[in-house]
Amino acid sequence: MEKINALKGFKDLLPGDSERWDWLALTARRTFDAFGFSPIHTPILERTTLFTRSIGETTDIVEKEMYTFEDWDGKQVTLRPEGTASVVRAFLEHRHQMPVLPVKLYYQGPMFRHERPQAGRLRQFHQVGAEIIGDIDPKQDIELLSLLTYFFKRIGLDNLTLEINSLGCPVCRPPYREILQDFFKKKLTTLCEDCNRRFHKNPLRILDCKKESCKTITTDAPASAKHLCTECDEHFKTVQQGLKTLKIPYQYSKHLVRGLDYYTKTAFEMTTQNLGAQNAVAAGGRYDGLVEALGGPATPAIGFAMGMERLMHLIPETKGMPSTLQLFIVPLGESAYQTLFPILYSLRKKKLRSEIGYSDSPLKKQMKQADRLNAEYVLIAGDEEIAAKKAILRNMKTKSQTEIGLSNLINEILAEIEG
Ligand code: HAM
């Protein structure tokens, strides 16, 4: 029979990696908690219009990457390609159940984009994200960026670059768009086919083209931050001042644009040189118009999301690994097993990482298994020892053995192993 494997771009997470994954998720949770964020869980499947309306009709995600299909009732539904749109939808749908503004929410979970899979780019990937909804003050931008920077420090990654830019707002973006089109107008024949399409639909995206020939042309393109209205300009300056006050290093990146259309004012990415082409580990920005675009009252907001798979590549493999097996119990015979199994249960309740062998397996085979599992200690008892109310505890490193009485077995084991 033909073997069934996982789909391309969809990955299993196996022991050896999943411990590190869980450690990352837990550290994120603890960090968000300290910064006053509450968890939110939204469905993976949403109405397609939620994403087309928020991410933008002319973005790569909406044009060619969404997992969209017709539901049984004929409605168009989509596996979420990102988390922000869903969080805003939930915010609007359950407004009365939300904490007071600004609402600070974080989430973790799978996202789906039909991209060409490569290292650091999957079709099902996982994000950890945070959103602050309901405050236009640049203090929120600073708070969010300080959270992001602190999280990376906490997981031992302080060699990343925080790149920031301002993309303006509905007042200053349209004139900048025209300035940009003016700049690119004479260069259309040299720009790639995609950029020629972008020129009409979404000229800012030309700045993000990865093709070398386009990159050369964009070097001298006008920067959005140089064409901001007074409000956006002041906002951007205050954010940068706040970062300086907190001594958070950042780099102003004049051509940083985002692949989602909802961004206004501050946009940022946390980048690394260690991930090849997929250099953004986290990304986000302000989206002051999204709540309104999704049918709510005008409500400013800002957020970011980090890619778990990309984070996994960067942190040492030993992070989050549990201690090796502390105790392997070797029961020689059924009567020994019946006595030792409740002891194993008690030890596990005391949080000792422990295992037991098969009672019908010979000593040599069980010892081999203990070795394979890297057990620190082995407790051995045959039916004879059990009758004599004792067992043998062997330190696998020093090879020393002690005989311990069954009556106080649990305490003696804990004393020996945990010291
Ligand atoms: P994004 O830049 O599309 O933003 O994704 C954020 C992060 O998710 C990326 O920096 C990357 O680490 C990871 N990521 C994205 N696509 C993939 C993929 N195909 N494979 C692996 N990792 C990937 C957003 O999604 C926005 N919702 C962020 C945001 C939150 N903005 C405001 N609030």
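With a relative accessibility of 72%, K351 counts as exposed (over 50% relative accessible area; under 20% would be buried, and partly exposed lies in between, with a 1.4 Å probe and protein chains only). The model is a predicted one, in which local features need pLDDT of at least 70 and side-chain atom pairs count only at pLDDT 80 or more, while totals for chains, interfaces and linings use all residues. Residues are numbered from 1 along each chain as its sequence is written, and side-chain values use heavy atoms, with hydrogens and water left out.

K351 is also of interest for its backbone: its phi is positive, about 70°, although K351 is not a glycine. This lysine lies in the loop between α12 (334-349) and β13; helices (H or I, at least four residues) and strands (E, at least two) are DSSP runs, numbered from the N terminus. K399 likewise has a positive phi of about 70° without being a glycine. K399 sits in the loop between β15 and β16, and its relative accessibility of 52% makes it count as exposed. For context, most residues other than glycine have a negative phi, and most peptide bonds are trans. A cis peptide bond is found between L101 and P102, with omega about -5°. P102 belongs to the loop between α4 (84-93) and β5 (103-112).

Turning to the sheet, five strands form an open arrangement in the order β13-β12-β14-β15-β16, with mixed pairing; two strands pair if DSSP finds at least two bridges between them. The edges are taken by β13 (354-356) and β16 (401-405), each with a single partner strand, so one side of each has no neighbour in the sheet. On average, neighbouring strands of this sheet are turned by 25° against each other, direction ignored. Strand β12 (residues 327-332) pairs with β13 in the parallel sense over three bridges, and F328 has E355 in β13 as its bridge partner.

Two helices can be described against this sheet. Helix α13 (residues 363-372) packs on it, touching β12, β14 (377-382) and β15 (390-395), and its direction makes about 170° with that of β12. Contact here means heavy atoms within 4.5 Å. Axes are lines fitted to C-alpha atoms, for helices over the stretch in contact, and angles run from 0 to 180 degrees between N-to-C directions. Helix α15 (residues 409-418) also packs on the sheet, touching β12, β14, β15 and β16, with its direction at about 150° to that of β16.

At the level of domains, the protein is divided into domain 1 (17-172 + 228-314) and domain 2 (327-418), with bounds that come from an automatic or database domain assignment. The centres of domain 1 and domain 2, taken over C-alpha atoms, are separated by 50 Å.
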